[in-house]
Amino acid sequence: MSDCLQAANLGYSPVLRNISLTLAPGELVALIGPNGAGKSTLLRALTGYLPPDSGTCSLKGKTLAEWSPQALSRHRAVMRQQTQLGFDWPVEDVVAMGRAPWEQTGSHRIVREVMALTGCLPLSGRKYNALSGGEQQRVQLARVLAQLWVDDAPQGWLFLDEPTSALDLYHQQHLLRLLKKLTRAGQLHVCAVLHDLNLAALWADRLVLLHQGEIVAQGNARQVLQAQTLSRWYGAEVRIGEHPDASAPQVFLAP
Ligand SMILES: Nc1ncnc2c1ncn2[C@@H]1O[C@H](COP(=O)(O)OP(=O)(O)O)[C@@H](O)[C@H]1O
Ligand SMILES: [Mg+2]
């Protein structure tokens, strides 16, 4: 387990209670749960931005507090729900911020490469603050991939808080296919808060359902996305069907 990110009995009163979670190499984990369940708070605790009241979170066998900020930044990157910038930077410079923990050699090539991967090249030269919410999300994705870029691929732990919330259908699919492809290569490990359960069903290896600060269900899509489970924890009336092309459940709201 030395190559894992491991949370043991994490608590942050009154938001998180007794969270134990392991993020294994090459896994794409979806964090799901109703509004206010504590998903964003958990992400902050797992990434070292929020020291927990109790329990520990360790990366490669060392607690997050034992890592130097620079070393930690080379191993894990975080894309928050919304990122406003107080300065009027062009897109390329925002992506290049991801390279701050590294030597600048090769930075320009990496910035171009992650911009191409995330579909950001057409945004070249634009001011970040003038972009739409969805365009800003794509730029932030490029930034966090740049942060984890080593040689010719991203490596480490990538945390994303609702990365698809402002994306159109094409870019939702593009982002999840990209994350899946990058995690399959085995060097990138992704933990993403996703509200869209059908995206999680199609692309996540594991779903972790949070409710009032506790993990109440986890497993693959078929294990977690059951009508009874979702009604109980979300309060919504749902029906579960099957994706026409993939072996995956899909969630429908009852009319
Ligand atoms: N520092 C804090 N102290 C007390 N309550 C907090 C704190 N931070 C967040 N909360 C509350 O904890 C709950 C979980 O917040 P959050 O993690 O943002 O939920 P989610 O991302 O699942 O919607 C919310 O009710 C929020 O208002
Ligand atoms: Mg949140």
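Select Ala-77 and Leu-158: in β9, Leu-158 is the bridge partner of Ala-77. Strand numbers here count DSSP runs from the N terminus (E, at least two residues, for strands; H or I, at least four, for helices). The model is a predicted one, in which local features need pLDDT of at least 70 and side-chain atom pairs count only at pLDDT 80 or more, while totals for chains, interfaces and linings use all residues. Residues are numbered from 1 along each chain as its sequence is written, chains are lettered from A and ligands numbered from 1 in the order in which they are written, and side-chain values use heavy atoms, with hydrogens and water left out.

**Stop 1**

Two strands count as paired if DSSP finds at least two bridges between them. Strands of a sheet pair through backbone hydrogen bonds, either parallel or antiparallel.

Now colour the whole sheet. It is open, has six strands in the order β6-β9-β10-β3-β11-β12, and its pairing is mixed. β6 and β12 are the edges, each with a single partner strand, so one side of each has no neighbour in the sheet. From one strand to the next the twist averages 15 degrees. Angles run from 0 to 180 degrees between N-to-C directions, and axes are lines fitted to C-alpha atoms, for helices over the stretch in contact.

At the β12 end, select residues 206–211 (β11) and 214–219 (β12), which pair in the antiparallel sense over five bridges. Leu-209 has Ala-217 of β12 as its bridge partner. The hairpin of β11 and β12 has two residues between the strands, and Gln-212 there takes a positive phi near 45 degrees.

**Stop 2: helices on the sheet**

Show α5 next. This helix lies across β6 and β9, running at about 170 degrees to β6. Then select residues 227–234, helix α9, which packs on the sheet and touches β3 (28–32), β11 and β12. The direction of α9 makes about 35 degrees with that of β11. Contact means heavy atoms within 4.5 Å.

Which residues of α5 and α6 make the contact? Show Arg-138, Leu-141 and Leu-145 on α5, with His-171, Leu-175, Leu-178 and Leu-182 on α6. By class, five residues are nonpolar, one is polar and one is charged. Ala, Val, Leu, Ile, Met, Phe, Trp, Tyr, Cys and Pro count as nonpolar, Asp, Glu, Lys and Arg as charged, and the others, Gly among them, as polar.

Between β9 and α6, select Glu-162, which lies in the loop. Glu-162 has a positive phi of about 50 degrees although it is not a glycine.

**Stop 3: the four-stranded sheet**

Select the other open sheet, four strands in the order β2-β1-β4-β5 with antiparallel pairing. Its edge strands, β2 (16–23) and β5 (62–63), each pair on one side only. β1 (residues 5–12) and β2 pair over five bridges. Ala-7 has Leu-21 of β2 as its bridge partner, and Leu-10 stands opposite Ile-19 in β2.

A hairpin of three residues joins β1 to β2. Pro-14 is found in this loop, and the peptide bond from Ser-13 to Pro-14 is cis, with omega near 0 degrees.

**Stop 4: two pockets**

Pockets come from a 1 Å grid over the protein atoms alone: each is an open set of points with protein on both sides within 12 Å along at least five of seven lines, and lining residues have an atom within 4 Å of a point.

Select the lining of the largest pocket, including Ala-45, Pro-51, Cys-57 and Leu-72. The space in it is about 190 Å³. Strand β4 (residues 54–59) gives the most to this lining, three residues. Eight lining residues are nonpolar, four polar and none charged.

The second largest pocket holds about 160 Å³ of space. Among its lining residues are Tyr-49, Arg-76, Arg-80, Arg-143 and Gln-147. Which strand supplies the largest share of this lining? β6 does, with four residues. The lining divides into four nonpolar, three polar and three charged residues.

Methods: 1 Å grid on protein atoms, 1.4 Å probe; cavity = no way out; pocket = protein on both sides within 12 Å on 5 of 7 lines; lining within 4 Å. Points joined across faces, edges and corners; volume = space filled by probe spheres on them.
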